[in-house]
Amino acid sequence: MSKKTELTASIGDQTFRLLTLLMAISVLVLMVWMGWQMYDSALPSIQKFGFSFITGRVWDPVKEQFGALPFIYGTLVTSLLALLIATPIGLGVAIFLNEMAASKVRVVVAFLVEMLAAIPSVVYGLWGIFVLAPWLRETVEPGLAKWFGFIPLFQGTPAGFGMLAGGLILAVMILPTIAAISGEVMAAVPNAQREAALALGATKWEMIRLAVLPYAKSGILGGIMLGLGRALGETMAVTMLIGNRPDILPSLFAPAYSMAAVIANEFTEATYALYLSALVEIGLILFGITLILNVFARFLVWSVARGPKGGTSNE
Amino acid sequence: MGQSLIVRHLEAWYGSNKTLKGINMQIAPNQVTAIIGPSGCGKSTFVRCINRMHETLPGTKVKGEIILDGESIYDQDPVALRKTVGMVFQKANPFPSMSIYENVVAGLRLNGMKSKQKLQASAEKSLRMAALWDEVKDRLNYSGMSLSGGQQQRLCIARALAVEPSVLLMDEPASALDPIATTHIEELIRQLKENYTILIVTHNMQQAARIADSTAFFLSGELVEHGPTSEIFTNPNDKRTEDYITGRFG
């Protein structure tokens with residue numbers, strides 16, 4: 001090879017390296033820049049209210065009082081509820097599709113689950129308004145109140161629109177994420193693992209418990225966390241169903257508000273600088289919560305993946 | 001104790017591909033029987049039929065009869081059968097999320113054994129039988145993946161022995177191991193036949209000659225010849241057997 005071609009090759013590699021490095025850095029820059037911009041815009045609110053912005057329960061733009069706790073509460077409760085409902089169902093779907101279903105059934109059901117993810121959230125919202133909320137108000141919530149009314153979560157007037165509706169719609173929306181990712185990691189479990197369990201005299205369920213789930217657990221956890229991320233940030237469908245009232249009530253039937261919803265609803269009405277700044281601070285908090293949760297999730301996945309001493313789980 | 005096996009006109013398919021074309025064979029208890037033959041001759045399928053593992057794959061089919069200690073295996077629940085007929089695979093497959101100890105007792109726990117003392121006693125016994133105890137006794141709570149390849153395979157043997165089967169199927173158990181680890185496994189197999197009926201699939205004819213009491217030669221889904229190992233290797237009846245063991249093909 002002549003010196004010249006060697007040189008061009010190395011220049012090509014160098015350029016390519018630089019180019020990809022630039023792209024990688026741009027993501028980081030974008031993120032820091034967004035965080036900084038948000039912080040800058042939220043500064044008036046941060047300086048005025050300090051930490052009481054997070055602990056304050058009153059949101060009254062007319063009196064220039066801003067406390068974000070009701071929104072944080074609404075977001076966390078609906079997201080958690082969604083996770084509690086969607087995780088077992090999503091795992092069940094994934095197990096059924098991967099380990100139980102005949103291949104024809106699998107193709108059809110897997111497609112339907114994917115379709116769930118493709119539905120725009122505003123359509124989910126509409127369905128929630130016209131179907132889910134009336135059903136909750138007339139059937140589910142009175143029933144829950146009757147049987148489980150001794151728990152504060154299920155007390156109060158059945159309203160339809162509230163945290164239960166918001167949580168349920170979120171559950172439907174994150175279900176495909178959890179099912180798809182869990183399904184993929186289960187499919188990646190080597191067949192040798194399944195046969196190892198079967199050869200010891202495991203039933204199908206025991207095989208799943210012994211060989212499939214432990215092998216796939218860190219991936220499944222990742223899928224759940226991705227679902228949680230989606231639930232925290234979801235705006236439209238929740239806004240349409242949560243009731244939009246900045247209150248902190250123990251009952252799941254009660255209307256509430258979420259961080260994303262209040263930003264979407266009130267941004268255009270924010271008539272003075274401090275109001276706008278308070279809304280941006282809510283955005284900043286949401287940004288922070290998602291970031292913290294993701295870091296936490298990383299640690300969780302990492303610690304689960306390690307398994308017993310002296311080995312890594314997924315080899 | 002080991003149990004005897006009688007195989008009658010066994011046929012097996014992968015989809016439309018017929019991999020076993022009517023096998024008739026008797027396997028004596030407490031002996032090591034080696035199954036040899038070129039790749040794709042159906043020897044793996046054959047042993048996988050004996051613990052009904054073959055039929056767990058989609059698109060497979062089995063016909064014929066296998067009688068274990070007087071009872072047809074097809075009249076038994078496959079889950080129960082696999083506790084009597086244990087299996088060791090080509091590639092060591094310990095459960096990666098479990099410790100060495102947990103791996104060994106995994107099958108016992110499946111059977112509902114809860115007593116810690118019994119589990120520990122059984123784990124030690126199985127690990128001793130698998131000639132692994134001395135190497136791992138101080139680190140039983142380490143991951144099974146922390147062991148070397150040969151140790152992992154012996155761990156898998158211990159795991160299979162813990163369930164106390166009477167027949168042990170081994171599908172090329174040493175093919176992924178270095179010569180020293182292979183020697184360990186072979187010594188182990190010679191000791192195990194006191195208590196188990198052992199069927200071992202092997203690519204390696206020297207290995208069959210070293211450890212097997214009887215040897216069966218498979219070719220294209222048929223059993224060409226089955227007899228005492230010394231006879232198969234020194235004085236085979238069939239020309240094809242002779243060609244194979246002298247290295248003329250395969």
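Modeller: Let us begin with contacts along the chain. Among contacts in chain A between residues at least 6 apart in sequence, 73% join residues at least 24 apart. Please keep in mind throughout that this is a predicted model.

Biologist: Which secondary structure elements does chain A contain, and in what order do they run?

Modeller: Chain A has eleven helices and two strands. Read from the N terminus, the order is α-α-β-β-α-α-α-α-α-α-α-α-α. The C-alpha atoms of this chain fill a box of roughly 75 × 60 × 40 Å along the principal axes. Of the 315 residues in chain A, 39% are buried.

Biologist: Which residues touch the most other members of the largest nonpolar core?

Modeller: They are Ala165(A) and Ile169(A), in a core of 158 residues. The element that gives the most to this core is helix H6 of chain A, residues 163-187, with 16 residues. Leaving aside residues up to four places away in sequence, Ala165(A) touches Gly128(A), Leu132(A), Ala133(A), Leu136(A), Gly160(A), Leu241(A) and Ile242(A).

Biologist: Let us turn to the interface. How is the size of an interface often given?

Modeller: It is often given as the accessible area that is lost when the parts come together. Here I can describe the interface by its contacts: 24 residues of chain A are in contact with 28 residues of chain B.

Biologist: Which elements of chain A give two or more residues to the side that touches chain B?

Modeller: They are helix H7 (191-199) and helix H8 (204-233) of chain A. H7(A) gives the most, with six residues. By class, this side of chain A has eleven nonpolar, nine polar and four charged residues.

Biologist: I now wish to read a sheet. How do its strands pair in general?

Modeller: Strands of a sheet pair through backbone hydrogen bonds, in either the parallel or the antiparallel sense. In chain B, six strands form an open sheet in the order S6-S7-S8-S3-S9-S10, and the pairing is mixed.

Biologist: Why is one side of S6 and of S10 in chain B left without a neighbour in the sheet?

Modeller: S6 and strand S10 (222-228) of chain B stand at the edges and each has a single partner strand, so one side of each has no neighbour in the sheet. On average, neighbouring strands of this sheet are turned by 15 degrees against each other, direction ignored. Helix H6 of chain B, residues 149-162, packs on the sheet and touches S6 and S7 of chain B. The direction of this helix makes about 170 degrees with that of S6(B).

Biologist: How many bridges join the strands around S7(B) and S8(B)?

Modeller: Strand S6 (residues 85-88) of chain B pairs with S7(B) in the parallel sense over four bridges. In this pairing, Met87(B) stands opposite Leu169(B). S7(B) and strand S8 (residues 197-201) of chain B also run parallel, joined by five bridges, and Leu168(B) has Ile198(B) as its bridge partner in S8(B). Strand S3 (residues 32-36) of chain B pairs with S8(B) in the parallel sense over four bridges. There, Ala34(B) stands opposite Ile200(B), and Ile35(B) has Val201(B) as its bridge partner.

Biologist: How do side chains lie along a regular strand?

Modeller: In a regular strand they alternate between the two faces of the sheet. In S7(B), Val167(B), Leu169(B) and Asp171(B) point one way, while Leu168(B) and Met170(B) point the other way, and all are buried. In S8(B), Thr197(B), Leu199(B) and Val201(B) point one way and Ile198(B) and Ile200(B) the other, again with all of them buried.

Biologist: Why does Met170(B) count as buried?

Modeller: A residue is buried when 20 or more other C-beta atoms lie within 10 Å of its own. Met170(B) counts as buried because 27 other C-beta atoms lie within 10 Å. Not counting residues up to four places away in sequence, Met170(B) touches Val88(B), Ile198(B), Leu199(B), Ile200(B) and Val201(B). From Met170(B) to Gly150(B) there are 20 residues in sequence and 14 Å in space, C-alpha to C-alpha.

Definitions and conventions:
Residues are numbered from 1 along each chain as its sequence is written. Chains are lettered from A and ligands numbered from 1 in the order in which they are written. This is a predicted model: local features need pLDDT of at least 70, side-chain atom pairs count only at pLDDT 80 or more; totals for chains, interfaces and linings use all residues. A nonpolar core is a set of buried Ala, Val, Leu, Ile, Met, Phe, Trp, Tyr and Cys residues joined through C-beta atoms within 7 Å. A residue is buried if 20 or more other C-beta atoms lie within 10 Å of its own, exposed if 12 or fewer, and partly exposed in between; C-beta atoms are placed from the backbone. Two residues are in contact if their C-beta atoms, placed from the backbone, lie within 7 Å. Two strands pair if DSSP finds at least two bridges between them. Ala, Val, Leu, Ile, Met, Phe, Trp, Tyr, Cys and Pro count as nonpolar, Asp, Glu, Lys and Arg as charged, and the others, Gly among them, as polar. Axes are lines fitted to C-alpha atoms, for helices over the stretch in contact, and angles run from 0 to 180 degrees between N-to-C directions.
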